[in-house]
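Please read them alongside the sequence and the coordinates.

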Amino acid sequence: MPMELTQSRIQKIWLPNDNRPALPRRSCGPQLANSPTVIVMVGLPARGKTYISKKLTRYLNWIGVPTKVFNVGEYRREAVKHYSSYDFFRPDNEEAMKVRRQCAMAALRDVKLYLTEEGGQIAVFDATNTTRERRGMILNFAKENGFKVFFIESVCNDPNVVATNVMEVKLSSPDYRDCNSTDAMEDFMKRINCYQASYQPLDPDDYDRELSLIKVIDVGRRFLVNRVQDHIQSRIVYYLMNIHVQPRTIYLCRHGESEFNLKGRIGGDSGLSNRGKKFAEALNKFVEEQNLKDLKIWTSQLKRTIQTAEALQLPYEQWKALNEIDAGVCEEMTYEEIRDQHPEEFALRDQDKYYYRYPSGESYQDLVQRLEPVIMELERQENVLVICHQAVMRCLLAYFLDKSADEMPYLKCPLHTVLKLTPVAYGCRVESISLNIEAVNTHRDRPEEAKKGPNPLMRRNSVTPLASPEPTKKPRINSFEEHVAVSSALPGCVPQEVPTQMPGQNMNNSQKPS
């Protein structure tokens with residue numbers, strides 16, 4: 001007999017109609033049939049391993065695969081409160097070697113906990129892992145626990161790139177707090193030499209031919225891929241082959257105010273209001289003032305974004321993927337009409353806005369999957385202006401600012417405001433620029449009933465845990481300013497005992513069936 005099915009009211013998916021308890025929602029994306037995976041970073045210091053770790057984790061979390069970074073350096077700073085000099089990293093410093101191994105083991109214990117008990121699917125083990133002995137230890141750990149392993153080795157022999165990375169990132173490390181930059185640079189270069197002496201690169205042609213790995217050579221100039229095992233590893237490889245570190249700026253804005261905005265109607269394909277047309281003219285002036293070289297302009301295929309782009313008198317590209325979230329049977333209705341005609345749907349959406357799917361329409365979860373090609377192409381490009389819609393802009397912002405599925409549907413993206421995103425070392429700097437053209441406010445705040453706290457399984461932010469209980473951390477920034485604690489510190493100085501945090505920003509204001 002065919003099994004009876006019941007449709008989930010929120011997600012509109014079919015479920016068995018029996019008395020079995022519902023499985024917990026472990027992720028915001030499709031469940032992967034594969035074993036949990038440990039991504040193992042490999043490479044000398046200042047080769048961009050932590051940059052890759054955090055960026056990759058942000059991407060995987062955004063597409064709905066629960067991922068967390070375990071940075072062994074943070075465990076070491078927790079165990080050794082006062083860093084004195086590069087002598088700690090000398091291969092003949094037996095006491096220090098013992099401490100470093102203990103820190104690695106502590107991190108692996110937390111990896112196991114995350115993948116087996118906390119709902120994680122991917123753990124990124126961020127350390128140098130430069131010897132076959134250390135990598136063998138990790139492989140044995142993974143085999144004992146039934147985890148897959150994927151190695152990412154970052155190789156860079158360009159001294160200018162290495163020096164730039166040290167200056168931009170390493171000198172602000174807690175290891176070098178209160179020390180001058182010259183002494184810090186000298187000490188860190190000696191630290192690199194300590195690793196160089198015993199470095200055994202991955203060898204996919206012989207010793208490591210059975211391992212799944214990718215070698216990223218000279219910041220993405222060349223790649224070497226070996227034995228990709230599954231779908232998620234292939235997505236990781238594809239992502240790493242698309243990112244770059246060249247300076248660039250991404251501008252996000254919504255179309256000008258539309259006729260439907262004025263009437264409070266969601267969706268549809270209406271044109272710009274008079275104020276919306278004024279915004280398009282102001283946007284043209286703003287773009288000219290930015291004086292950007294080779295600016296790419298992207299729009300959706302809806303009338304209001306195309307009208308906005310036309311005012312710029314520049315070439316633009318239309319993306320169907322950038323169309324606003326599909327509100328299904330609720331298209332072109334006001335929220336009051338939805339509440340009156342579809343009261344249950346109205347309540348369900350307020351209950352779980354990320355997962356809620358409009359009847360015959362889309363959810364934010366669907367929208368994230370639709371926008372993945374856009375993110376890939378944004379990573380490949382340099383200067384881009386994206387003219388889009390409220391829900392779409394929220395999804396894009398959530399990617400760049402590492403926001404959770406719970407936060408995403410409530411990010412504020414006001415009309416007639418441009419958000420300027422500038423990628424920085426481990427995050428993204430955000431500047432909100434109002435073009436001073438009045439517009440309606442289309443943002444709907446989170447209902448009081450939904451403010452009781454997100455389901456912890458829906459939290460997707462990439463956090464670096466510590467071996468001991470985490471210290472009190474600063475709350476997520478709720479402004480457009482970059483909050484980065486930069487400390488000039490050097491060897492032989494007492495380091496800050498709180499780990500560095502990835503810069504984060506929040507935005508204010510938003511639009512559509514958002």
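1. Is valine 219 buried, partly exposed or exposed? Valine 219 is partly exposed, at a relative accessible area of 40%, where buried means under 20% relative accessible area, exposed over 50%, and partly exposed in between (1.4 Å probe, protein chains only). Valine 219 belongs to the loop between β7 (213-217) and β8 (222-226). Its phi is near 55 degrees, a positive value in a residue other than glycine.

2. On sources: this is a predicted model, in which local features need pLDDT of at least 70 and side-chain atom pairs count only at pLDDT 80 or more, while totals for chains, interfaces and linings use all residues. Residues are numbered from 1 along each chain as its sequence is written, and side-chain values use heavy atoms, with hydrogens and water left out.

3. A positive phi is also found at arginine 227, about 50 degrees, although this residue is not a glycine. Arginine 227 lies in the loop between β8 and α7 and counts as partly exposed at 49% relative accessibility. Most residues other than glycine have a negative phi.

4. Overall, the protein has 14 helices and 14 strands; helices (H or I, at least four residues) and strands (E, at least two) are DSSP runs, numbered from the N terminus. Of the 514 residues, 56% are buried. Among contacts (heavy atoms within 4.5 Å) with a separation of 6 or more, 75% are between residues 24 or more positions apart.

5. Aromatic rings: rings of Phe, Tyr and Trp (its six-membered ring) pair if their centres lie within 6.5 Å, with planes under 30 degrees apart counted as stacked, over 60 as edge-to-face and the rest as tilted. By this rule there are 14 aromatic pairs. The ring centres of phenylalanine 88 and phenylalanine 89 are 5.2 Å apart and the planes stand at 80 degrees, so this pair is edge-to-face. Phenylalanine 88 and phenylalanine 89 are both buried.

6. Tyrosine 176 and phenylalanine 188 also form an edge-to-face pair, with 6.3 Å from centre to centre and 70 degrees between the planes. This pair links distant parts of the chain, 12 residues apart: tyrosine 176 is in the loop between α5 (159-168) and α6 (181-196), and phenylalanine 188 is in helix α6. Tyrosine 176 is buried at a relative accessible area of 1%, and phenylalanine 188 is buried at 3%. One aromatic cluster is formed by Tyr83, Phe88, Phe89, Tyr176, Phe188 and Tyr195.

7. Charges over rings: the charged end of arginine 132 sits over the ring of tyrosine 207, 4.0 Å from its centre. Lysine 353 lies over the face of tyrosine 410, 4.7 Å from the ring centre. The rule asks for NZ of Lys or CZ of Arg within 6 Å of the ring centre and within 35 degrees of the ring normal.

8. Helix packing: the axes of α1 (residues 49-62) and α7 (residues 231-240) come within 11 Å and cross at roughly 120 degrees. That makes α1 oblique to α7, given that angles under 35 degrees count as roughly parallel, over 145 as roughly antiparallel, 65 to 115 as roughly perpendicular and the rest as oblique. Axes are lines fitted to C-alpha atoms, for helices over the stretch in contact, and angles run from 0 to 180 degrees between N-to-C directions. Ile52, Lys55, Leu56, Tyr59 and Leu60 in α1 meet Ile232, Arg235, Ile236, Tyr239 and Leu240 in α7.

9. In helix α10 (residues 303-310), the buried residues include Arg304, Thr305 and Ile306. Their cover includes α9 (274-290) and β12 (384-388).
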